[in-house]
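Please keep the sequence and the 3D view side by side while reading.

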Amino acid sequence: MLRNKEQITEEDNMRNRIMTILLAAIMTISLAGCGTSGKEEKVGSREVDGTYQMEVATEDADSTILSYQFDKETGTFSETVAVGDKSYELAAGTYQLDEEANLIHTVTEKGASQDFVIDGEYLIADGYFYEGEIPEGESFDATLKYTGEGGTTSVVVFNKDGTYTFTGSMKSVGTYKRTDSLIEMDSTDGSTLVNFLIYQGQISNSYLKKLP
């Protein structure tokens with residue numbers, strides 16, 4: 001069905017809103033892209049199938065939900081993003097499981113590729129790990145840095161007293177709580193920050209979690 005000018009403008013505005021929200025909260029709009037591995041150590045793997053999601057909450061609007069739907073029978077996937085009742089397909093393509101490297105390799109119909117490290121119920125976008133190591137313990141002193149394309153940087157500083165400071169595409173301050181492999185971020189300034197996932201001592205906030 002052909003769309004009129006008003007419909008096109010409305011959809012374009014919604015896409016721009018989605019992109020702005022995601023860019024402020026995580027490091028990449030669509031996780032399909034180029035990256036270099038943050039980890040070399042290999043662990044066991046499992047099959048990838050079903051829906052994996054990342055939800056980015058916002059203070060004054062509906063949450064933005066990034067979803068990957070994997071079909072192990074056909075070896076295909078689709079990537080969608082939704083805000084409220086609006087949903088858009090960002091990409092589609094094929095994927096393969098690399099058991100030795102414990103990751104899946106996705107390739108979109110347009111040729112863009114992205115690897116995901118398999119970590120239990122999580123898929124972590126390979127190439128989006130912060131530099132630095134997380135110490136043991138529920139609270140700690142640590143400074144970690146991510147450098148993206150074009151030299152843009154994001155820095156998170158964790159303090160032993162349970163507070164944090166984040167600077168990058170946005171600024172955020174607040175408290176954190178470590179529960180197993182997850183660092184839950186609770187801002188005190190009204191900002192929204194995705195929780196960090198710990199994987200073999202490093203952290204990333206570009207990951208998807210499998211739906212039940």
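## A cluster of aromatic rings

Through ring pairs, Tyr 128, Tyr 130, Phe 140, Tyr 146, Phe 158, Tyr 176 and Phe 196 are joined into a cluster, where rings of Phe, Tyr and Trp (its six-membered ring) pair if their centres lie within 6.5 Å, with planes under 30 degrees apart counted as stacked, over 60 as edge-to-face and the rest as tilted. The model is predicted, so that local features need pLDDT of at least 70 and side-chain atom pairs count only at pLDDT 80 or more, while totals for chains, interfaces and linings use all residues. Residues are numbered from 1 along each chain as its sequence is written, and side-chain values use heavy atoms, with hydrogens and water left out.

A search of the whole structure finds 15 aromatic pairs. Among them, Phe 70 and Tyr 95 form an edge-to-face pair, with 4.9 Å centre to centre and 75 degrees between the planes. This pair links distant parts of the chain, since Phe 70 belongs to strand S2 (residues 64–71) and Tyr 95 to strand S4 (residues 86–98), 25 residues apart; strands here are DSSP runs (E, at least two residues) and helices are runs of H or I (at least four residues), both numbered from the N terminus. Phe 70 counts as buried because its relative accessibility is 5%, and Tyr 95 counts as buried at 9%; buried means under 20% relative accessible area, exposed over 50%, and partly exposed in between (1.4 Å probe, protein chains only).

Phe 158 and Phe 196 also form an edge-to-face pair, at 6.2 Å centre to centre and with 80 degrees between the planes. Here too the pair links distant parts of the chain, with Phe 158 in strand S9 (residues 153–158) and Phe 196 in strand S13 (residues 196–199), 38 residues apart. Both Phe 158 and Phe 196 are buried.

## The nonpolar core

Which members of the largest nonpolar core touch the most other members? Of its 45 residues, these are Phe 158, Ile 183, Phe 196 and Ile 203, a nonpolar core being a set of buried Ala, Val, Leu, Ile, Met, Phe, Trp, Tyr and Cys residues joined through side-chain atoms within 4.5 Å. In soluble globular proteins, nonpolar side chains tend to be buried together.

Leaving aside neighbours within four places in sequence, Phe 158 is in contact (heavy atoms within 4.5 Å) with residues including Ile 134, Phe 140, Leu 144, Tyr 176, Ile 183, Met 185, Phe 196 and Ile 203.

## The surroundings of Thr 106

Thr 106 lies in strand S5 (residues 103–108) and is buried because its relative accessible area is 1%. A polar atom of the Thr 106 side chain lies 2.8 Å from the backbone oxygen of Gln 114. Not counting residues up to four places away in sequence, Thr 106 touches several residues, among them Phe 70, Phe 77, Thr 94, Tyr 95 and Phe 116.

## Salt bridges

A search of the whole structure finds 2 salt bridges, each being a side-chain nitrogen of Lys or Arg within 4 Å of a carboxyl oxygen of Asp or Glu. In one of them, the side chains of Glu 47 and Lys 72 meet at 2.9 Å, N to O. The pair links distant parts of the chain: Glu 47 is in the loop between helix H1 (5–25) and strand S1 (50–56), and Lys 72 is in the loop between S2 and strand S3 (76–83), 25 residues apart. Glu 47 counts as partly exposed at 47% relative accessibility, and Lys 72 is partly exposed with a relative accessible area of 39%.

Glu 121 forms a salt bridge with Lys 209, with the closest N and O atoms 4.0 Å apart. Glu 121 sits in the loop between strand S6 (113–119) and strand S7 (122–125), whereas Lys 209 is in strand S15 (residues 207–210), 88 residues apart, so this pair also links distant parts of the chain. Glu 121 counts as partly exposed at 37% relative accessibility, and Lys 209 counts as partly exposed at 37%.

## Two loop residues with positive phi

Asn 102, in the loop between S4 and S5, has a phi near 55 degrees, a positive value in a residue other than glycine. Is Asn 102 buried or exposed? Asn 102 counts as buried, because its relative accessibility is 1%.

Asp 180 is placed in the loop between strand S11 (171–179) and strand S12 (182–187), and its phi is near 55 degrees, again a positive value in a residue other than glycine. Asp 180 is exposed, with a relative accessible area of 72%.

## The chain as a whole

The protein chain has 1 helix and 15 strands, and 42% of its 212 residues count as buried.

Definitions and conventions:
A polar contact is a pair of N or O atoms within 3.5 Å; within protein, one must be able to donate a hydrogen and the other to accept it, and residues adjacent in sequence count only if both atoms are side-chain atoms.
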